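Please open the structure in your viewer and keep the selection panel at hand. The tour below goes from one selection to the next and says what is found at each stop.

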Protein chains: 2
Amino acid sequence: MHPYQSLTTHLARYEQLESIAAVLAWDQQTYCPPGAAEGRGAQLAFLAGEQHRVLADDRIVDWLEALGAEELDATQAASVRNIGRQVRRARALPQALVERMARLSSDGFAAWMAAREANDFGRFSPILAQLVEAKLEEATLIDPSRAAYDVLLEPYDPGTSTATLTPMFARLGEGLRELIDAIAEQPPVEVSFPAVPDDVQLAWHHRIAEALGYDMNTGRIDLAEHPFTIRLGPADVRITTRVHEGDLLSGLGGTVHEAGHAMYEQGLPHLPGTMVGEAASMGLHESQSRFWENVIGRSRAFFDFASEQLVAAGGPTISAEALYRGANRVTPGLTRVEADEVTYNLHVIVRFELERALFAGEVSVDELEGAWNAAYERLLGVTPPDARRGVLQDVHWSSGAFGYFPSYTLGNLYAASFGHTLLAAQPALWSDVSAGRFGGVLDWLRTQVHQQGHHVDAPELVQGVVGDRDHVADLLDYLWSRHGALYGAVRP
Amino acid sequence: MHPYQSLTTHLARYEQLESIAAVLAWDQQTYCPPGAAEGRGAQLAFLAGEQHRVLADDRIVDWLEALGAEELDATQAASVRNIGRQVRRARALPQALVERMARLSSDGFAAWMAAREANDFGRFSPILAQLVEAKLEEATLIDPSRAAYDVLLEPYDPGTSTATLTPMFARLGEGLRELIDAIAEQPPVEVSFPAVPDDVQLAWHHRIAEALGYDMNTGRIDLAEHPFTIRLGPADVRITTRVHEGDLLSGLGGTVHEAGHAMYEQGLPHLPGTMVGEAASMGLHESQSRFWENVIGRSRAFFDFASEQLVAAGGPTISAEALYRGANRVTPGLTRVEADEVTYNLHVIVRFELERALFAGEVSVDELEGAWNAAYERLLGVTPPDARRGVLQDVHWSSGAFGYFPSYTLGNLYAASFGHTLLAAQPALWSDVSAGRFGGVLDWLRTQVHQQGHHVDAPELVQGVVGDRDHVADLLDYLWSRHGALYGAVRP
């Protein structure tokens, strides 16, 4: 067998195990009975161990070496690069650490759920400390020469580091404060909606997600504490959401966000075993979810369609204008997933600063709740009244996903530049969206982004789509033109 | 490491894979999107291959051999026997056949669903023919000296064969015909119930399943086309059921049946890697489900409780007597899972005869629908008007589970003898049941059956509980005393 064929056949086993673990993870967060948590953790640890065994197999090194001497086409070259990266990380980690990490992720999720229920960070902090310690050990094993946090960032967004993020986030943070301050001087946008029952909201979400292009033949929508998207197999990409009777728009935003992720997954090229048929980075993944959620899903045109669909789903008549105003109010608040588009990135900056400090040893897990609250006061001017609305609000740390948060803001930055480029290419964009015709947007994303898979890394892919653009400037321009305009704020 | 420890540590991997496959199977039958069927099949085939690899590992033979020369305690001896049986079967089968079989099971399930939808046996028969062929190949590889059907029966109920079942089923069939004929001479039992909405029925099922003792902390109830019980982990045993607005009692019977299976699973001893902490046979498993469903769950006393719970679940007031009469009407019908207790075993006998003939080459898959209809005319006096209510009604064949059906009737036979023995031990049984106190029954089953695991085979286990009893006589006595009495039929 040719080494490329050996390599991809072998890696297909890895992907099979990964998708099997995804079924278990999906169930864990949707329907799994509470008493089953421990056993589920053991199952996931077992699978993580098997995945690691496949990835750390010595033969891969030989195949990669043999392929280094060959003429490769673009997909093969990308495959060798992507597999090489993952294999180098995997081979640095002993099997025992991988299984311990998987077990901790699963136990961490259960502890996080319990801590939220009890509204007590102390129920989560001991296991969080273990997670931090394990990830620190992992980072040191992978590359002792770099800051641990940089090593942890890398798999989510190859090429990203604190050195590139810090000045970008600083410039963005400054620009956002300027906009927020200008908005604060204007009269508030007041709007309120009637309570809409859960089942009507869910029917509304389903109609909209399908209209956007989320293929329900290979997908589904369930309820979960923390909305997420997950690929359970080659033709099985599911999303979860949540609904609150008294909050019509936050649930919808979550569904559109996850549908954006899911459509990216559904549009990836089918290249099993290559590690090329997958997202180029988590920042790019978030650019897809945030693009649909915000650029499209909070536009004035979108609410023409959404308003009509709400009635069709058995809900009340609410004008598109009211929905638009409700979806674009700017209020520095406590919760990232409920944040408006403008303040959202400040929530991310809080987490980026804390994660960096945590792994630099500048903040301990015991000090984290205090540091969280202090950062919210400083950056958003609000103080969390309790852990649930503070340090316990995100699921990420419970599974050891440190370094993911910056991807959200990278996603917003990319999405802003995509928006600019798409509108230039499709002048009829807003009339299409207003009429519920999303095919043009999806086709453009399919061609420009989804079908590219992971042939090149995200920065190069984005540059290929939008050219040389300043993403921070694009995002700030976009936010001024939407939120600044809504409030009548004037840009200095 | 001591060989027993090596053996059980190794087998724990097998159990881990088995429970992981169960999560995928559960999802496949509950929430899996239609387009994901093919990928799910590949995942299950992959896991079946891994399980087979673990079970066919050469080291097991060495460990078993080493243990043959040692003093073993009862659990160890049972473990060596149970593992030895499974290993001998596994080693007879090539990996490729195992993976093909897993793939066929999964594809078969999808084809069966589609065929039911289309009400067309022709959509299922090509894959059924492949399933029969693969199982025939399997049986021949395992033991070419015995009839294939006997080889297929064995894993469900070790010690059972067509030679023991045929005369037992013949005697039972005769006795049942006598009772059915006597009932047919009496005026029919007429009773009808109001339509009860699905959500009320489900709430009713939940209340009852929990009252019986099904632990919802480690279980849950979902809807599925074909009700089933499945263990997804050491503390995760789920059931599915179905409800029909116009048929109050068939859904409830299904839930109580599956809860009976689930309580058995929840009560098994925790002996990982030994193959002793599992059901002694499928016949014994069915004795638990059928005991709860029928002996308890169709008793007059039970409906005192169920009637009260229906009101508590938001349903209508229906008298216990009416529910009892409704649950014990005897009507030779088309559908096994909706059959009354008396005619139920005739449905099983039809399948037993057809399966035996299929594997003896006396009937082909193409002739199966005709043979099915003819057998129904002969044994039950009814003719299926279509495939959905005929040959397509059961899920079993779609996954290649040939040889399972006799377990249902074995279960009824064992359950009748258990009922006789329990009532002698607990004279207050019916007043307890009437008041919704099921703890005494469950404790008795826990001690006598569940906690025994698979130390001894089912016939020996049952004999230890009930002594030397004629199960056919016990079942016929029980049916005459309940249904004969209800109809005022006199035993000749």
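Before selecting anything, bear in mind that this is a predicted model.

Begin in chain B by selecting strand S2 (residues 229–233) together with S3(B), which run antiparallel and are joined by four bridges. These two strands form a hairpin, with two residues between them. Within this pairing, Thr229(B) stands opposite Ile239(B) in S3(B).

Now show the side chains of strand S3 (residues 236–241) of chain B, where six of the six residues are buried, so that the strand is largely enclosed by the rest of the structure. In a regular strand, side chains alternate between the two faces of the sheet. In S3(B), Asp236(B), Arg238(B) and Thr240(B) point one way, while Val237(B), Ile239(B) and Thr241(B) point the other way.

Then move to chain A and select Asn119(A), in the loop between helix H5 (95–118) and helix H6 (125–142). Its phi is near 55°, a positive value in a residue other than glycine. Most residues other than glycine have a negative phi. Asn119(A) counts as partly exposed because it has 14 C-beta neighbours inside 10 Å.

Finally, select Met275(A), in the loop between helix H10 (248–267) and helix H11 (282–296) of chain A. Although Met275(A) is not a glycine, it has a positive phi of about 60°. Is Met275(A) buried or exposed? With 24 C-beta neighbours inside 10 Å, Met275(A) counts as buried.

Key. Residues are numbered from 1 along each chain as its sequence is written. Chains are lettered from A and ligands numbered from 1 in the order in which they are written. This is a predicted model: local features need pLDDT of at least 70, side-chain atom pairs count only at pLDDT 80 or more; totals for chains, interfaces and linings use all residues. A residue is buried if 20 or more other C-beta atoms lie within 10 Å of its own, exposed if 12 or fewer, and partly exposed in between; C-beta atoms are placed from the backbone. Two strands pair if DSSP finds at least two bridges between them.
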